[in-house]
Amino acid sequence: GSREVTVNGYAATEPSGLKGCKLRVPDSEMALAYGAALGATPTVMSLGEVYMGIQAQEAELQDTLKEKGMNIIEVDKDAFKANVQTIYDKYKDTWGDWLATAQGYNK
């Protein structure tokens with residue numbers, strides 16, 4: 001599927017347009033290779049930084065979307081978490097510390 005790359009100061013229409021851009025990526029071999037293939041310089045960030053960054057913008061973005069007429073539905077997060085718990089349990093060795101970190105920042 002498609003991917004979005006959001007960077008300030010780089011209006012790249014092709015990979016060479018991202019030369020010199022420090023693209024923040026998760027700490028995985030695949031993500032680092034992906035960032036480099038895009039033409040950027042991949043820079044590892046911790047998973048916790050991702051969620052903190054998204055949280056720092058979430059309220060503002062929701063307000064903007066509401067002003068433009070979007071209906072934002074608040075969900076019962078605990079119900080969704082309960083439904084997927086068996087998946088977490090089944091793949092806990094695969095998820096490793098990543099899952100615990102994600103759950104800690106996504107309350």
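The following exercises, each with a worked solution, concern a predicted model of a protein.

**Exercise 1.** Determine which secondary structure elements the protein contains and in what order they run.

*Solution.* Step 1: the secondary structure comes to 5 helices and 2 strands. Step 2: read from the N terminus, the elements follow the order β-α-β-α-α-α-α.

**Exercise 2.** Identify where in the protein confidence is lowest and where it is highest.

*Solution.* Step 1: for the protein, the mean pLDDT is 80, and 82% of the residues reach 70 or more. Step 2: the lowest confidence is found in helix α5 (residues 97-105), with a mean of 69. Step 3: the highest is found in strand β2 (residues 41-44), at 92. Step 4: where pLDDT is low, predicted coordinates should not be read in detail.

**Exercise 3.** Decide whether Phe80 is buried or exposed, and name the surface patch to which Phe80 belongs.

*Solution.* Step 1: Phe80 is located in helix α3 (residues 77-90). Step 2: the relative accessible area of Phe80 is 54%. Step 3: exposed means over 50%, so Phe80 is exposed. Step 4: together with Ile73 and Val75, Phe80 makes a nonpolar surface patch of about 340 Å².

Notes
Residues numbered from 1 in each chain as written. Predicted model: local features only at pLDDT ≥ 70, side-chain atom pairs only at ≥ 80, totals over all residues. Heavy atoms only, no water. Patch = residues over 30% accessible without salt bridge, like charges linked within 9 Å, V, L, I, M, F, W, Y side chains within 5 Å. Areas by Shrake-Rupley, 256 points an atom, 1.4 Å probe, with all protein chains shown as cover. Salt bridge = Lys/Arg side-chain N within 4 Å of Asp/Glu carboxyl O. Helix = DSSP H or I, 4+ residues; strand = E, 2+ residues; numbered from the N terminus. Buried < 20%, exposed > 50% of the residue type's maximum accessible area, 1.4 Å probe, protein only. pLDDT = per-residue confidence, 0-100.
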